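Dear colleague,

I am passing on the structure below, together with notes on what was found in it. Please read the notes alongside the coordinates.

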Amino acid sequence: ISECEKSKNTYEFVISDNTIRPSELTVERCDEITIINKDDKNRLLAFGEHENHDDYQNLSELPIGKDKTVKFTAASPGKFIIHDHYQEVISATFIVR
C-alpha cells in the first residue's frame with residue numbers, strides 16, 4: 001500500500017473517565033486519526049487484542065501522556081482494534097475503507 005501524501009479528514013478518539021469514545025470509527029484511507037487523553041494518567045495504546053498485539057503501519061504501541069494527543073494516518077485498509085495496554089478495558093475499533 002502506497003503512502004498517503006496528505007490527510008483528507010481528521011477523526012478523534014477521546015479517552016476520559018477510563019473510557020474511549022466513540023467505541024468505533026469508520027474512516028477513509030488517508031484520513032487522520034487523533035487520540036486525545038483527557039484522563040489523569042498516562043496510557044500505552046496498542047493495536048490488536050490485549051496480549052496479542054499487532055502492528056499497524058509499523059506502529060505497535062503509542063505512548064500518550066495525560067492531557068496529550070497522538071496522531072496517525074489511516075493508510076492501511078481493514079478493521080483494527082486499539083486498546084490501552086495498562087487497562088485493556090479501554091478499547092475501540094477503527095475501520096479503514
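Lysine 41 is partly exposed, at a relative accessible area of 35%, where partly exposed lies between buried (under 20% relative accessible area) and exposed (over 50%), with a 1.4 Å probe and protein chains only. This is a predicted model, in which local features need pLDDT of at least 70 and side-chain atom pairs count only at pLDDT 80 or more, while totals for chains, interfaces and linings use all residues. Residues are numbered from 1 along each chain as its sequence is written, and side-chain values use heavy atoms, with hydrogens and water left out.

Lysine 41 sits in the loop that joins β4 (31-37) to β5 (43-49), strands being DSSP runs of E with at least two residues and helices runs of H or I with at least four, numbered from the N terminus. Apart from neighbours within four places in sequence, lysine 41 is in contact with Asn18, Gly65, Lys66 and Gln87, contact meaning heavy atoms within 4.5 Å. Threonine 26 is 15 residues away along the chain, and its C-alpha atom is separated from that of lysine 41 by 27 Å.

Threonine 26 belongs to the uncovered face of strand β3 (residues 24-27), as does Glu24, whereas Leu25 and Val27 form the covered face. In a regular strand, side chains alternate between the two faces of the sheet. β3 pairs with strand β10 (residues 91-96) in the parallel sense over 4 bridges, two strands being paired if DSSP finds at least two bridges between them. Within that pairing, threonine 93 of β10 is the bridge partner of glutamate 24.

Strand β1 (residues 10-16) pairs with β4 in the parallel sense over 6 bridges, and glutamate 12 stands opposite threonine 34 there. β1 also pairs with strand β2 (residues 19-21), in the antiparallel sense and over 3 bridges, with valine 14 opposite arginine 21. The hairpin of β1 and β2 has 2 residues between the strands, and aspartate 17 takes a positive phi near 50° in it.

As for the chain overall, there are 10 strands and 0 helices. The radius of gyration is 12 Å, close to the 13 Å that the globule rule gives for 97 residues, so the chain is as compact as a globular protein of that length; the radius is taken over C-alpha atoms, and the rule is 2.2 Å times the number of residues to the power 0.38. Buried residues make up 38% of the 97, and residues 24 or more positions apart account for 54% of the contacts with a separation of 6 or more.
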